Amino acid sequence: MNQDAPRIAIPEPNSTQPEYNQRSWPQYARAVEACGGVAVPVPLTESPATVAKLVASCSGVLLPGSPADVNPQKYGQEPVPECAAPDAAREAVDELLLQDAFNLHKPLLCVCYGTQSLNVWKGGTLQQDVATALDHKPGREIVDAHPVAISPETQRLKGFPSPLSVNSSHHQAVATPGDGLDIVATAPDGTVEAIEQRGDHFVLGVQWHPERTFHVNPQSRAIFAEFVEATRAWKPREIRESVSR
């Protein structure tokens, strides 16, 4: 293994469904490693101190999907009947990883639930249940579920075709974007499909699952390749002032 390969923290997707983790986590790891990164698993059962130590050894953070839903009380709502149970352990780890990524400007890629987690952490809200004529959860094996329109203002999805055909496996989505986040892709029914923070800090959240189509879709490969390249270029921010006077 290349000793200079960037390490990327990826939390376990869920604290109560190990079979989901065993199926899904390796897909993110394979995509990261195919682009030259090292996938670092972050258990949801470890102490905050252990999680902090793990992420300190990493140059980037990837927040994966999950069968859970973010607790709607975190964005000022009561859960609707269609809202899945929250996963407090996953939420706690995500918050630690998000704090680290934003404090140190580490590249951040978020997928599906991870995108929703990012948006809520940044003060945004979610659609608790997307109920439109468009099927947003046709199944894991459907590669081309629906098109998304890519904003010409996007920074991270620049050069992607618009419309772009994506897979889909979600029932929630961004409602109001969080602080500093811009909507850069939407489905035909208006559902938000991607958000980003523009500027030097790589922050991208997609509602679809590029890890599942990495080997068959060039745009999926491009998302991971740009993210891993950003982690490779990341350097700790210089401390310009001494803490002692």
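Biologist: Let's start with Phe224. Buried or exposed?

Modeller: Phe224 is buried, with a relative accessible area of 0%. Bear in mind that this is a predicted model.

Biologist: What does Phe224 touch, leaving out residues up to four places away in sequence?

Modeller: Its contacts are Tyr28, Ala31, Val32, Cys35, Leu62, Leu109, Pro210, Glu211 and Phe214.

Biologist: Which residues have the most contacts inside the largest nonpolar core?

Modeller: Those are Ile10, Leu62, Leu157, Trp208, Ile223 and Phe224. That core has 31 residues.

Biologist: Which elements each supply at least two residues of the core?

Modeller: Two helices are on the list, H1 (18-34) and H5 (218-233). The strands are E1 (7-11), E4 (108-111), E6 (146-150), E7 (164-166), E9 (182-186) and E11 (203-206).

Biologist: And where does the largest share come from?

Modeller: From H1, with five residues.

Biologist: How many residues are in the other core, the one lying apart?

Modeller: That one has 24 residues, including Val38, Cys58, Leu63 and Val174.

Biologist: Switching to the sheet. What is the strand order?

Modeller: E2-E1-E3-E4-E11-E10-E9-E6-E7. It is an open sheet of nine strands, and the pairing is mixed.

Biologist: Which are the edge strands?

Modeller: Strand E2 (38-42) and E7. Each of them pairs on one side only.

Biologist: What about the twist?

Modeller: From one strand to the next, the twist averages 25°.

Biologist: How many bridges join E3 to E4?

Modeller: Three, and the two strands run parallel. E3 covers residues 60-63. As an example, Val61 has Leu108 in E4 as its bridge partner.

Biologist: Which strands does helix H4 touch?

Modeller: H4, residues 113-121, packs on the sheet and touches E3, E4, E10 (192-197) and E11. The direction of H4 makes about 120° with that of E4.

Biologist: Now the rings. How many aromatic pairs are there?

Modeller: The count comes to three aromatic pairs. One of them is Phe202 with Phe227.

Biologist: Why is the Phe202 and Phe227 pair called tilted?

Modeller: Because the planes are at 40°, and a pair is stacked under 30 degrees and edge-to-face over 60. The ring centres are 5.8 Å apart.

Biologist: Where do Phe202 and Phe227 lie?

Modeller: Phe202 is in the loop between E10 and E11, and Phe227 is in helix H5. So the pair ties together parts that are 25 residues apart in sequence.

Biologist: Phe202 and Phe227: buried or exposed?

Modeller: Phe202 counts as buried, at 4% relative accessibility. Phe227 is buried too, with a relative accessible area of 0%.

Biologist: Back to Phe224. What kind of aromatic pair do Phe214 and Phe224 form?

Modeller: An edge-to-face pair, 5.9 Å centre to centre, with 80° between the planes. Phe214 lies in the loop between E11 and H5, and Phe224 lies in H5, so this pair ties together parts ten residues apart in sequence. At 6% relative accessibility, Phe214 counts as buried.

Biologist: Last topic, cysteines. How many disulfides does the structure hold?

Modeller: Zero disulfides.

Conventions. Residues are numbered from 1 along each chain as its sequence is written. This is a predicted model: local features need pLDDT of at least 70, side-chain atom pairs count only at pLDDT 80 or more; totals for chains, interfaces and linings use all residues. Side-chain values use heavy atoms; hydrogens and water are left out. A nonpolar core is a set of buried Ala, Val, Leu, Ile, Met, Phe, Trp, Tyr and Cys residues joined through side-chain atoms within 4.5 Å. Buried means under 20% relative accessible area, exposed over 50%, partly exposed in between (1.4 Å probe, protein chains only). Helices (H or I, at least four residues) and strands (E, at least two) are DSSP runs, numbered from the N terminus. Contact means heavy atoms within 4.5 Å. Two strands pair if DSSP finds at least two bridges between them. Axes are lines fitted to C-alpha atoms, for helices over the stretch in contact, and angles run from 0 to 180 degrees between N-to-C directions. Rings of Phe, Tyr and Trp (its six-membered ring) pair if their centres lie within 6.5 Å; planes under 30 degrees apart count as stacked, over 60 as edge-to-face and the rest as tilted. A disulfide is a pair of cysteine sulfur atoms within 2.5 Å.
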